[in-house]
Amino acid sequence: MSEAIASKEERLAAYNANVAAAEKDPRLSPETGKPLDKVTMFRFGAGFIVFGLLCLSSNKSACRHQLI
């Protein structure tokens, strides 16, 4: 059981180090501490644009908040 706690603490320490590194350099990913490559940024950007256009063009209320 202590091995699981130690590994959990190590993972938390690594995560906190990655977050601190990402705060210093915004080009780094908070999850990995490594820079995001252009292909990944393009894929997320394209997905965001496609999803946004689908939400704007749909007549369903799936993408619209009920208070609006």
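Of the 20 residues of α2, how many are buried? The number is 1, so helix α2 lies largely in the open; here buried means under 20% relative accessible area, exposed means over 50%, and partly exposed covers what falls in between (1.4 Å probe, protein chains only). All of this comes from a predicted model, where local features need pLDDT of at least 70, side-chain atom pairs count only at pLDDT 80 or more, and totals for chains, interfaces and linings use all residues. Residues are numbered from 1 along each chain as its sequence is written, and side-chain values use heavy atoms, with hydrogens and water left out.

Overall, the protein chain comes out with 2 helices and 0 strands; these are DSSP runs numbered from the N terminus, with helices being H or I of at least four residues and strands being E of at least two. Of the 68 residues in the protein chain, 9% are buried. The chain exposes about 6400 Å², and carbon and sulfur atoms supply 65% of that (areas by the Shrake-Rupley method with a 1.4 Å probe; for residues, only the protein chains shown count as cover).

Helix α1 spans residues 2–24 and takes in Asn 18. Asn 18 counts as buried because its relative accessibility is 17%. Leaving aside residues up to four places away in sequence, Asn 18 touches Ser 29, Pro 30, Glu 31, Thr 32 and Gly 33, where contact means heavy atoms within 4.5 Å.

As for charge pairing, side chains of opposite charge can pair when their charged atoms come close. The structure holds 1 salt bridge, meaning a side-chain nitrogen of Lys or Arg within 4 Å of a carboxyl oxygen of Asp or Glu. The partners are Asp 25 and Arg 27, at 3.2 Å from N to O. Asp 25 is partly exposed at 22% relative accessible area, whereas Arg 27 counts as exposed at 62%.

Back to helix α2, which runs over residues 38–57. Its 20 residues reach 28 Å from first C-alpha to last, close to the 28 Å expected at 1.5 Å a residue; that expected span is 1.5 Å times one less than the number of residues. Thr 40 is found in α2 and counts as partly exposed at 21% relative accessibility. The side chains of Thr 40 and Asp 37 are joined by a polar contact of 2.4 Å (a pair of N or O atoms within 3.5 Å; within protein, one must be able to donate a hydrogen and the other to accept it, and residues adjacent in sequence count only if both atoms are side-chain atoms).

Phe 48 also has its place in α2 and is exposed, with a relative accessible area of 66%. Together with Ile 49, Leu 53 and Leu 56, Phe 48 forms a nonpolar surface patch of about 510 Å² of accessible area. Patches are built from residues with over 30% relative accessible area and no salt bridge, joining like charges within 9 Å and nonpolar side chains (Val, Leu, Ile, Met, Phe, Trp, Tyr) within 5 Å.
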